[in-house]
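Reader: Before we discuss how the helices are described, could you show me the structure and its sequence?

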Amino acid sequence: MTDFKAIISGAGPAGLSAAVLLALDGVKCAIIAPPFVDDPRTTALMQPAMQMLKFIGLWPSDLQSHCAALKQLHLVDDTGNMFAAPRVEFSAREMNLEEFGWNVPLAKLVPALQARAQELGVVFIEGTSASVETRESQITVKTDAGQTLTAEVILIADGAKSKLREQLGFDIETERFDQMALATSFEHSVRHDFISTEFHKSAGPFTTVPLPGNRSSLVWMERPARMAELMALTDNQLAIEIQLESHGLLGKISNIGPRKTFQMQSQRATSFAKNRAILIGEAAHALPPIGAQGLNLSLRDAAQAADLIIGSADAGAENICTKYNGLRRADVLPRQQMVALLNRSLLSGLLPFNMARAGGLAAIAKFSPLRGLAMRQGLSPALGLPFAMR
Ligand SMILES: Cc1cc2nc3c(=O)[nH]c(=O)nc-3n(C[C@H](O)[C@H](O)[C@H](O)COP(=O)(O)OP(=O)(O)OC[C@H]3O[C@@H](n4cnc5c(N)ncnc54)[C@H](O)[C@@H]3O)c2cc1C
């Protein structure tokens with residue numbers, strides 16, 4: 001008999017979502033959770049992820065007042081290359097939707113998920129998981145405070161640098177890009193009209209995403225040397241740079257929010273589950289923030305893991321790990337490869353890459369069935385969705 005059916009290591013959005021989904025179905029679970037560190041990132045969550053927030057009772061709620069709907073997504077070729085792609089405009093209306101999804105600040109989403117998990121009786125163990133051991137019928141986790149916990153399965157949701165993943169012998173494939181991403185937010189004088197614009201530049205995308213009122217969040221990818229210069233600027237100087245890079249699309253820029261940079265990489269574990277351990281979120285896969293795929297994939301990991309664990313006789317059984325691995329790889333791999341390819345095509349500056357990217361985007365801009373296919377693929381996987389997202 002184990003202390004819990006499932007232990008979750010890591011209380012980021014992926015780990016907390018898994019804990020909430022399990023607790024909603026009465027699964028006895030604990031989450032090992034260091035204190036939340038404020039995060040300036042906002043995440044564009046598409047319809048399936050929003051459906052999950054509804055399912056767990058977080059949408060609509062107070063959270064909504066901090067979020068903005070995403071009604072259109074525009075891609076603008078700003079590489080200055082000879083073969084420039086035409087502007088591509090995706091509209092939710094084309095898919096008979098009010099919006100593709102919502103832009104949700106992590107600083108609001110994570111505390112809301114935490115509160116919901118507490119309400120549902122998830123046991124919070126403050127601290128970090130220090131070690132894990134797998135036995136035939138259970139896993140044993142030790143925390144940094146010396147506490148020992150047992151469960152049938154562990155969900156490893158402790159981020160891209162997970163130590164438990166390493167201890168359990170999961171192999172990782174990593175492609176590091178010579179590129180950083182700056183996450184911040186700003187106020188602007190021109191309305192965003194609920195349009196997110198992704199400018200494709202030679203150092204990577206520069207993407208504005210609507211927030212409530214005349215405010216937007218920004219993900220700006222740059223080479224490390226240029227990023228160091230940007231981070232050294234005052235808020236007023238950075239506002240001018242943003243205004244220039246966005247070609248005045250949003251008018252005068254002011255009131256810059258907190259900033260944080262992230263090293264860009266494409267990383268993936270070669271297996272997503274084995275030996276009573278299931279990897280979810282960035283512990284399983286990390287990718288550059290292009291096309292808003294990262295957390296959307298991670299929430300699908302959480303919901304898929306919950307589907308398999310709920311009602312199982314043994315949550316860490318080999319057949320559960322095998323099924324999870326197969327289902328999640330089919331969703332993650334093609335998206336990760338597509339994002340990495342697009343990113344590489346911008347960074348390489350090579351003519352054949354530019355021509356291929358411009359040609360692909362031109363076809364999408366011109367043919368509405370192709371545009372529809374791209375939008376459907378961007379929103380959800382072809383193979384179906386976990387229960388909480390349907
Ligand atoms: C600039 C930027 C913009 C992005 N925009 C989008 C977007 O628009 N849409 C989208 O879908 N995705 C987006 N993403 C991706 C998204 O932000 C991430 O996928 C998501 O935040 C990862 O969540 P996670 O829960 O897997 O990991 P994390 O948020 O990294 O959480 C891991 C948690 O584990 C904890 N932890 C670490 N070690 C231990 C331990 N030993 N024991 C216990 N806990 C531990 C950490 O403290 C942390 O709380 C973006 C990413 C970046 C970099």
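Reader: At what angle do H1 and H7 pack, and how far apart are their axes?

Author: In this predicted model, H1 and H7 pack at an angle of about 30 degrees, and their axes are 9 Å apart.

Reader: What makes H1 and H7 roughly parallel to each other?

Author: Angles under 35 degrees count as roughly parallel, and the angle between H1 and H7 is about 30 degrees, so H1 and H7 are roughly parallel to each other. Their crossing is right-handed. The contact is made by residues including Pro13, Ala14 and Leu21 of H1 and Leu295, Ala302 and Ile309 of H7, and by class its residues divide into twelve nonpolar, two polar and one charged.

Reader: Why is H7 called roughly antiparallel to H8?

Author: The axes of H7 and H8 come within 10 Å and cross at roughly 160 degrees; angles over 145 degrees count as roughly antiparallel, and therefore H7 is roughly antiparallel to H8. The crossing of H7 and H8 is right-handed. Among the residues that meet there are Leu297, Arg300 and Asp301 in H7 and Ile320, Lys323 and Arg335 in H8, and the residues of this contact divide into seven nonpolar, one polar and six charged.

Reader: Which element supplies the largest share of the shell around the ligand?

Author: The largest share, four residues, comes from H7, while H1, E3 and E12 are among the elements that each supply at least two residues. Of the 31 residues around the ligand, Gly10, Gly12, Gly159, Gly281 and Gly294 come nearest, and the shell has 14 nonpolar, 13 polar and four charged residues.

Methods
Residues are numbered from 1 along each chain as its sequence is written. This is a predicted model: local features need pLDDT of at least 70, side-chain atom pairs count only at pLDDT 80 or more; totals for chains, interfaces and linings use all residues. A residue is near a molecule or strand if its C-beta atom, placed from the backbone, lies within 6 Å of it. Ala, Val, Leu, Ile, Met, Phe, Trp, Tyr, Cys and Pro count as nonpolar, Asp, Glu, Lys and Arg as charged, and the others, Gly among them, as polar. Axes are lines fitted to C-alpha atoms, for helices over the stretch in contact, and angles run from 0 to 180 degrees between N-to-C directions. Angles under 35 degrees count as roughly parallel, over 145 as roughly antiparallel, 65 to 115 as roughly perpendicular and the rest as oblique. A crossing is left-handed if the near helix is turned anticlockwise from the far one by less than a right angle, and right-handed if clockwise. Two residues are in contact if their C-beta atoms, placed from the backbone, lie within 7 Å.
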